[in-house]
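Hello,

Here is the structure I promised to pass on. My notes on it follow below.

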Amino acid sequence: MQFFLDTANLDEIREALNWGVITGVTTNPTLYAKTGGNLAHFDDHMRTICELCEGMPVSVESTATTAQDMIADGRRLAHIAPNVVIKLPVSPEGLTATHALAAEGIPVNMTLIFTVPQALLALRAGARYISPFVGRFDDIAEDGVEQLTSICAAVQNYDFGHKVEIIGASIRTPQHITQAALMGCDIATVPFSTLKKAVQHPLTDRGLASFMEDWKKVEQA
Ligand code: G3P
């Protein structure tokens, strides 16, 4: 399973790149708002992310509401950098725009996917990636992992005529990462806070402390 970083924060992206573990970045309007960025700097900010992540897919979300505007937005955003992936919501407008952009060779990541039919429709429309959300199901006392499992199983049954990958999104915990990996999900897009938790284990900390203690004995011998 590949890891994408789910953030628009440049420092987080730089640090995760230094770890050598991420192969892409996903952003959304909420994540950009968290950086304190404004509309005027949006394209430049996304360009910087694309440059930091040269050769890796960077999902940039359109906030347009009509298919026509999504297509125009997609064409404009695709010019920011060669590694831009246009992120569009699954909806009739989003499917129409995905179909048109995919026909022009512009890759689309369809987001806000919660069900198997949404996933299959997005891929039939030409989406290169789909982003089923896990944590938001858990938020409403439903099982997000179960839904992601169903989507992965359904997608594996078919050939969509183009390369497709499933990005497990709204990943909130190391346990979500484990479960996504066990079901064979292609990619997990993970907030940096969750990625940091995923590196840690109390037995790792305890083991490291005892190694350091014992090494002092060696140094003092
Ligand atoms: O990229 C979209 C998704 O990962 C959002 O996650 O935690 O806001 O549900 P969350």
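The shell around the ligand is made up of two nonpolar, two polar and four charged residues. (Ala, Val, Leu, Ile, Met, Phe, Trp, Tyr, Cys and Pro count as nonpolar, Asp, Glu, Lys and Arg as charged, and the others, Gly among them, as polar.) This is a predicted model: local features need pLDDT of at least 70, side-chain atom pairs count only at pLDDT 80 or more, and totals for chains, interfaces and linings use all residues. Residues are numbered from 1 along each chain as its sequence is written, and side-chain values use heavy atoms, with hydrogens and water left out.

Who is in the shell? Asp-6, Asn-28, Lys-87, Phe-133, Arg-136, Ala-169, Ser-170 and Arg-172, each with a heavy atom within 4 Å of the ligand.

For Asp-6 the distance is 2.5 Å. For Ser-170 it is 2.7 Å. For Arg-172 it is 2.7 Å. Alone, the ligand exposes 310 Å², and the protein buries 83% of that (Shrake-Rupley method, 1.4 Å probe).

Ser-170 lies in the loop between β7 (165-168) and α9 (174-182) (DSSP runs numbered from the N terminus: helices H or I, at least four residues; strands E, at least two).

Leu-112, in strand β5 (residues 108-113), also is not a glycine and has a positive phi, about 60°.

Buried or exposed? Ser-170 counts as buried, because its relative accessibility is 9%. Leu-112 is at 34%, so it counts as partly exposed. (Buried means under 20% relative accessible area, exposed over 50%, partly exposed in between; 1.4 Å probe, protein chains only.)

Best wishes

Methods
Polar contact = N/O pair within 3.5 Å; in protein donor to acceptor, adjacent residues only side chain to side chain.
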